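Please open the structure in your viewer and keep the selection tool at hand.

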Amino acid sequence: MFSADTLQQALVQDYGRLCTLANKILRDSHLAQDAVQESWLRLNRARPDTTDAEKLRHLLLVTVRHTALNMRRSRRAEPAEDAVFAALPDAGPLPQEKLERSEAVRCLLAAMQALEETDRAILQLQYGQGMTGAQIAAALGLHAATVRQRSRRARQKLKQLLEQEGLTL
């Protein structure tokens, strides 16, 4: 039975050579390092029945080669999976959903037009432009408390108008 120190020494001694081998197979230095580390972990778990350092170095080399080949095979399988997903139909909204949404937008725009001009401007700046109450107050020349109050009342009025049209929020 080998010791973990013997395997560690073999890894340290041949690390550059192992990474070069894995890099030639994978053509990616980061994946090559992953392959070497994965091979070391596999051998460390398996605890091969040898005490000869040369056999252990050879076993590490073979394990790195097999690990790199397995990683390359699994990496090739990914584009095929992507092709399957690309062939699936778009999960966008159905025509009925598009129609319902456009109807809701039409009702919302009509309800917005029914609001007073200042209230409409406050809601557009607040939700359309993402402005704060203080920014809206400065832009419209109103007090911040007035903007908050008119915004609340405009939302209530808008909700009432939309419910009259049969839309619930």
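Is C107 buried or exposed? Select C107: its relative accessibility is 4%, so C107 counts as buried, where buried means under 20% relative accessible area, exposed over 50% and partly exposed in between, with a 1.4 Å probe and protein chains only. This is a predicted model, in which local features need pLDDT of at least 70 and side-chain atom pairs count only at pLDDT 80 or more, while totals for chains, interfaces and linings use all residues. Residues are numbered from 1 along each chain as its sequence is written, and side-chain values use heavy atoms, with hydrogens and water left out.

Next, select C19, which is buried with a relative accessible area of 13%. A disulfide is a pair of cysteine sulfur atoms within 2.5 Å; by this rule the count is zero.

Now colour L7, L11, L18, A22, V36, L60 and A68. These residues have the most contacts inside the largest nonpolar core, which has 17 residues. Such a core is a set of buried Ala, Val, Leu, Ile, Met, Phe, Trp, Tyr and Cys residues joined through side-chain atoms within 4.5 Å. The elements giving two or more residues to this core are α1 (4-26), α2 (29-46) and α3 (53-87); helices are DSSP runs of H or I with at least four residues, numbered from the N terminus. Eight residues, the largest share of this core, come from α1. Apart from this core lies another, of nine residues, which include C107, A111, A154 and L161.

Move to α2 and select A32, A35, V36, S39, W40 and L43, the buried residues of this helix. Seen down the axis of α2, they fall within an arc of 130 degrees, so they line one face of the helix; the arc is that of the directions from the helix axis to the C-beta atoms. On the face turned away from the buried side of α2, find the exposed residues H30 and R45. At the N-terminal end, D28 caps α2, with a side-chain oxygen 3.0 Å from the backbone nitrogen of H30. Just after α2, R47 takes a positive phi of about 50 degrees.

Finally, select S151 in helix α7 (residues 144-164). At 3% relative accessibility, S151 counts as buried. Not counting residues up to four places away in sequence, S151 touches I122, L123 and Q126, contact meaning heavy atoms within 4.5 Å.

Notes. Polar contact = N/O pair within 3.5 Å; in protein donor to acceptor, adjacent residues only side chain to side chain.
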